[in-house]
Amino acid sequence: MNIGLSIGGSKENVSLYRRTAHNNLTHRRRLQFHALPLYQKSILSAPPINYPETLTRIDDAIEHNALLAESIFKHSIDAFGIDPEVLKGKKWLNAVTADDLDKVRSTLKQFFRDWTVEGATERNICYAPVMEELDRRFGSLPTEAKGKVSVLVPGAGLGRLAFDIAVAGYTSQGNENSFHQLMASNYILNCASSANQHMLHPFVSTFSNHRSRDNHLRGVSVPDVHPGTLLAGAAEDGRFSMSAGDFVAAYGGPDTACAFNVVATVFFIDTAVNIFSYLETIWSTLAFGGVWINYGPLLWHWENREADLKAADEVAQGMELTVDEVLEIAKTIGFKLEKRERGKKGEYIGSGEGSMLSWVYESEFWVATKVPREKEVV
């Protein structure tokens, strides 16, 4: 479970996020500031720049983020079977990598997208088409029948789409492979005590392309709703769950064959080492006539990562295909395409209007149904 240890520290120790963030974001900059010539320091120290005060504001923002990170970790000790005795020593620190710490920062930033009022516009661009398709197909069903419509959400991240689906009355299961995100989703879905419980500063770790310091350091409240309250009915009926593990390994076997009415993939299929494995698994886990709803780009995560690909136990590695090609494979595997549209332009965890840089996706949205194969795949 060392992958999860970088989320924070035990109650007896300061978290790695807190320590490394202060060191990397403010301590180093204070040293650089004091090494400047006197006249430069005087300009930076005076209004309206007030650079020393800015560093203090950054420290305050780090403290807010650290409180959230430490809450996530504290509530994960039991949920994920982390031995508290291990955390009393320092040996586990050696297992934490720079990549782990980057994942912590990325996970905290993803709260902006999934669990804030300010992130609603961004997430609705990709979640709303899924919810609208579900409503079009199943929204008129009586409550009991609607609750029997089972939806799988691979790559669920912090769980917002799976949560929204359950709140809408369906049976929803999210699947996630990242322990960092599983720990965070476990906390926000099961342990948060109220809406707006935490203050988060999602952009404090990046200093480039900000028009103002207020944009750089702005805080947002997390979560925008109280999941526990809204999930009470779904939890009582057993209609909501999250599963941990690799999507193909968890759902590619006979135990989950024909188990779901819908598979909803959002910003997910381009994480495949081998797209055939993903599409075969989606097809397998759907009941006949079941629906695959997809929204997202094709930013193939394994492109130009030959060293990582060599370690992956997959064939057909590094096949970065076009949308047309992916859909042709889906047709061969046993999907009938019912709808294909170009999605709205939108960011993925963008920095908002106050940023000078934005990564804008114009994703693809499609709906396909599972049909019998013309010939069995060997």
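Is R105 buried, partly exposed or exposed? At 27% relative accessibility, R105 counts as partly exposed. Here buried means under 20% relative accessible area, exposed over 50%, and partly exposed in between (1.4 Å probe, protein chains only).

1. **Basis.** This is a predicted model: local features need pLDDT of at least 70, side-chain atom pairs count only at pLDDT 80 or more, and totals for chains, interfaces and linings use all residues. Residues are numbered from 1 along each chain as its sequence is written, and side-chain values use heavy atoms, with hydrogens and water left out.

2. **Overall fold.** The protein chain has 18 helices and nine strands. These are DSSP runs, numbered from the N terminus: helices are H or I with at least four residues, strands are E with at least two. The chain has 378 residues, and 49% of them count as buried.

3. **Contacts and surface.** Take contacts in the protein chain between residues at least 6 apart in sequence: 75% of them join residues at least 24 apart. A contact means heavy atoms within 4.5 Å.

4. **Salt bridges.** The count comes to 19. The rule asks for a side-chain nitrogen of Lys or Arg within 4 Å of a carboxyl oxygen of Asp or Glu.

5. **D102 and R105.** These side chains form a salt bridge, 2.4 Å from N to O. Both residues sit in helix α7 (residues 98-114), three residues apart, about one turn of the helix. D102 is partly exposed, because its relative accessibility is 41%. R105 is also partly exposed, at 27%.

6. **D237 and R239.** In this salt bridge the closest N and O atoms are 3.7 Å apart. D237 counts as exposed, because its relative accessibility is 54%. R239 has 13%, so R239 counts as buried.

7. **E280 and R373.** Their side chains meet in a salt bridge at 2.4 Å, N to O. The pair links distant parts of the chain, 93 residues apart: E280 lies in helix α16 (residues 275-285), R373 in the segment after β9 (360-370). E280 is partly exposed, because its relative accessibility is 23%. R373 has 16%, so R373 counts as buried.

8. **A network.** E133, R136, R137, E338 and K339 belong to one network, joined by salt bridges that share partners.
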